[in-house]
Amino acid sequence: MTAGTTTTTAGGKAGQIWLGVVLYLVTAVVTVAFANFTMLSAYVLNLLMQASTYAIAVLGLTIVLGYAGQINLAQAAFFSLGAYSVGLGTTTFGLPFLPALVVGVVLACIAGGVLGLTSLRLGGHYLAMVTISFQTILSLILTNWVSLTRGPDGVLNIKRPTLFGGYFLDSGHYLAMCIAALYGVGLLVWHLRKTRLGRAMQAVRDNELAAGVTGVDTYRTKVVAFTLSALLGGFGGGLFAGGFSYISPDQFSFSESIVFLTMVLIGGSRSPVGTVLGTCLLILLPEWLRFLKNVYLAVYGGAVILIMVFMPDGIWGFVTALWRKLNPTMRIAPGEIAPLPLTREVGRADGSLILRVTSLSKHFGGLKAVDEVDLAIARNTVHALIGPNGSGKTTLLNVLSGIYRPIAGRIELDDRDVTRLKPHQRAGRGLGRTFQNIRLFGNMSVIDNVMVGAERPGHVVPGHAAGLTRHALAALDIVGLADRAHDAVGSLSYGHQRLAEIARALAGSPKLLLLDEPGAGLNHIEKNELVGLLKRLKGHGLTICIIDHDMNLVEQIADHITVLNFGRRIADGTPEEVLRNPKVVAAYLGEERVGASS
Amino acid sequence: MGFALQLLFTGIGVGSIYALVALGFVLIYRATNVVNFAQGDFAMLGAFAMIVLAVDLGWPYWLSILITLAVLVLFGALFNLGVYYPLRNRSFLPVIISTIGASILLENGVLVAYGPQPQSLPGLFASQGFNIGDVFFDSQYLLILAVTIVVVTFQYLFFERTLIGKKMQATSQDKEMASLLGIPVALMIMLTFAYSAVLGGLAGILVAPVLFVSVGMASSIALKAFAASIIGGFGDVTGAIVGGLALGVIETFGAAYISVPYKDGFAFLVLFVFLLFRPQGIFGERIAEKA
């Protein structure tokens with residue numbers, strides 16, 4: 001087929017998925033059976049043992065780094081918690097393997113959770129530093145608390161599970177178990193990104209601010225991602241200890257954390273396939289490069305820089321990008337899209353208020369960006385917020401959506417006080433918004449962007465995954481983008497990105513939709529289409545609050561206008577009243593100095 | 001009392017090293033918004049260059065220092081071109097990883113050349129130092145202190161009084177605006193890297209006679225310096241100096257009064273406490289993302 005015309009039905013897509021799952025299972029069974037029944041040399045066995053247990057830990061980094069975009073420079077520390085729990089558990093404390101493994105996983109989870117809870121409010125470089133600190137302190141403890149950890153000598157004679165009459169005591173059988181575990185974890189991590197939690201993580205990664213406003217509890221999502229990552233670190237570490245039956249502190253140093261991180265980045269952090277690829281590659285590479293053993297690590301350091309520069313999304317990311325270039329994305333057949341009920345407020349244009357703002361203020365130092373502003377927006381109207389540059393419109397919108405905390409005043413949405421709520425909680429109450437400088441989740445597909453919007457708290461979409469897809473497609477259809485649903489959002493034109501952002505907000509069936517300069521940067525034709533869209537949305541029963549500089553656009557759609565200047569409300573009323581108000585004219589055209597004589 | 005004063009002196013000496021490296025961190029961070037994880041490697045390179053020149057080749061000490069610093073200027077510029085510049089428009093994560101890659105490359109390159117056994121570099125002065133009362137003033141620590149004071153003063157004058165210093169400041173505050181005003185932003189960032197490399201190298205040269213010169217010195221110094229800059233307030237020049245000195249003193253006292261094996265842990269424990277209760281550090285301000 002030629003580019004751009006491929007049409008796939010939902011049934012065809014489901015078929016592809018099933019084919020993938022079957023292939024995956026077949027490969028899994030074959031590899032596990034191979035490990036189980038083949039007599040491998042001790043050398044190969046050790047390599048595979050290391051690769052499979054490491055890969056499990058590195059999959060943790062896929063979640064925290066690849067999905068949620070948070071750095072973790074302590075994966076070796078979580079790995080060591082699992083390893084030492086199994087190591088000391090099965091020797092010093094005489095526990096069987098499985099309970100010791102569970103202890104390790106739980107310990108890693110707790111450590112990850114506590115670390116995440118305390119540091120993820122800061123993110124970025126701070127997180128890097130906190131994880132390094134944790135890693136360093138734990139390494140010191142492992143080396144120096146000799147009475148517990150046996151110090152630098154390490155732990156010997158670690159036990160394996162004695163289940164099934166000691167079946168797993170054999171190294172080959174144990175390896176088969178580790179590989180099976182890896183396949184299981186890999187499948188779960190693969191599945192995660194298509195779940196609500198996984199999409200929330202990716203939204204946080206791509207644009208944390210927009211994620212919050214769209215209804216994602218960003219802090220909780222990051223903590224969960226970090227904890228899951230630590231959990232997989234502990235799990236991999238526990239299996240590792242059983243596999244090698246000997247562990248020592250130097251196997252879990254900071255530099256090992258860096259190795260884990262490099263594995264995930266080289267392979268491609270956004271896909272578990274890439275992760276496993278990267279892990280195997282970096283374990284095998286030193287074996288292949290044995291002839292330059294001496295300079296191997298230096299070459300490896302250089303390779304890391306080169307990969308970052310030339311393959312920023314890792315090897316797998318590079319391959320999939322190439323694949324996408326050769327295979328155009330699926331198009332949606334028009335018949336698949338059912339119309340969408342946009343709001344539960346239809347037919348309530350009764351003059352009652354959806355938003356009531358009373359004497360709201362937000363100051364930055366001495367600057368009164370928003371100063372005792374009152375605002376009342378009636379149900380099922382289009383309310384425009386205008387004012388010259390720097391008059392506080394966007395600041396007001398940011399206070400309304402919870403990005404800024406007001407210093408005084410009260411915001412009521414649908415008769416309930418939301419002044420103290422976080423952005424995602426307000427989204428949960430039915431507040432949707434777009435941004436002046438478009439904030440989409442740049443590495444996700446168009447439809448995934450919209451799904452994040454549909455999955456806001458308190459918004460139930462019936463029909464599970466299929467229902468959610470239908471709902472998201474319907475939202476895209478309203479703005480006219482349904483045929484681009486599976487494209488990368490970054491490939492859309494500027495005007496289409498604006499529309500995609502509106503669709504994302506619409507998908508959450510907002511009670512009130514805040515649009516921050518939706519017309520900015522659009523050409524004449526696109527602006528006319530926007531006017532048409534906004535009128536249709538109002539017809540569907542939506543309430544819209546719009547900021548725009550284009551008076552022509554505002555006049556065409558606004559039922560009510562509020563004018564701000566220097567943070568204060570200077571006029572409020574119908575378009576006819578407001579646009580003739582001398583104060584408004586003065587604010588826009590400059591003060592006329594009547595009778596100025598001095 | 002004498003013992004405590006002795007510890008204070010040593011702590012400030014060690015802390016000065018952290019402060020110098022931390023300054024390099026902060027300058028690069030301010031110019032590029034990126035944390036350079038290879039900052040400690042600049043110090044390692046400085047120390048090893050001295051081993052090559054002053055010990056292996058037997059050149060005069062002063063000449064070796066000058067050549068080392070000149071080499072580091074060049075190296076800083078190259079580092080900028082190879083590690084930062086190609087990734088300048090990307091998020092901080094790829095750049096961090098790239099600097100980590102550079103650090104692996106450098107440390108293992110030196111390891112190939114010199115092997116794992118630590119080298120030792122003699123001090124600049126023949127005299128070990130002198131006593132005042134109970135306190136022994138080690139000549140190398142005195143030198144470290146003196147150089148730190150000179151560098152900090154020089155840096156202050158450079159950034160506040162010279163045009164090029166002001167251009168570098170402008171670049172770090174607003175790249176777009178700076179470039180609109182005709183400031184060659186890429187060149188300013190290159191200069192920042194070169195100067196940071198010199199700061200790191202200087203720290204390495206100064207600390208080499210006190211410690212053994214080894215590949216491992218890079219990461220231990222870098223981590224402490226990074227911790228110091230966060231304690232002081234990340235991105236703040238005064239903070240980097242104060243944080244570095246504080247960390248040196250805390251560590252020295254901790255090792256003397258609490259535990260030697262956990263000496264390296266105190267820095268991170270203090271850092272941990274700071275991150276939890278005052279993440280903006282001593283001098284830093286809270287930064288929020290603008291919508």
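**Exercise 1. What percentage of the contacts in chain A with a separation of 6 or more comes from residues 24 or more positions apart?**

Solution. The model is predicted: local features need pLDDT of at least 70 and side-chain atom pairs count only at pLDDT 80 or more, while totals for chains, interfaces and linings use all residues. Residues are numbered from 1 along each chain as its sequence is written, and chains are lettered from A and ligands numbered from 1 in the order in which they are written.
Step 1. Two residues are in contact if their C-beta atoms, placed from the backbone, lie within 7 Å.
Step 2. In chain A, 76% of the contacts with a separation of 6 or more are between residues 24 or more positions apart.

**Exercise 2. Describe the packing of helix 4 and helix 11 of chain A.**

Solution. 
Step 1. Helix 4 (residues 97-119) and helix 11 (residues 218-244) of chain A pack at an angle of about 150 degrees, with their axes 7 Å apart. Axes are lines fitted to C-alpha atoms, for helices over the stretch in contact, and angles run from 0 to 180 degrees between N-to-C directions.
Step 2. Helix 4 of chain A is therefore roughly antiparallel to helix 11 of chain A, a term for angles over 145 degrees.
Step 3. The contact of helix 4 with helix 11 of chain A holds 14 nonpolar residues (Ala, Val, Leu, Ile, Met, Phe, Trp, Tyr, Cys and Pro), one charged (Asp, Glu, Lys and Arg) and eleven polar (the others, Gly among them).

**Exercise 3. Is A:Ser359 buried or exposed?**

Solution. 
Step 1. A:Ser359 lies in strand 1 (residues 353-364) of chain A.
Step 2. A:Ser359 counts as exposed because it has 12 C-beta neighbours inside 10 Å; the limit for exposed is 12 or fewer, for buried 20 or more, with partly exposed in between, and C-beta atoms are placed from the backbone.
Step 3. Apart from neighbours within four places in sequence, A:Ser359 is in contact with A:Glu372, A:Asp374, A:Ala408 and A:Gly409.

Definitions and conventions: Helices (H or I, at least four residues) and strands (E, at least two) are DSSP runs, numbered from the N terminus. Angles under 35 degrees count as roughly parallel, over 145 as roughly antiparallel, 65 to 115 as roughly perpendicular and the rest as oblique.
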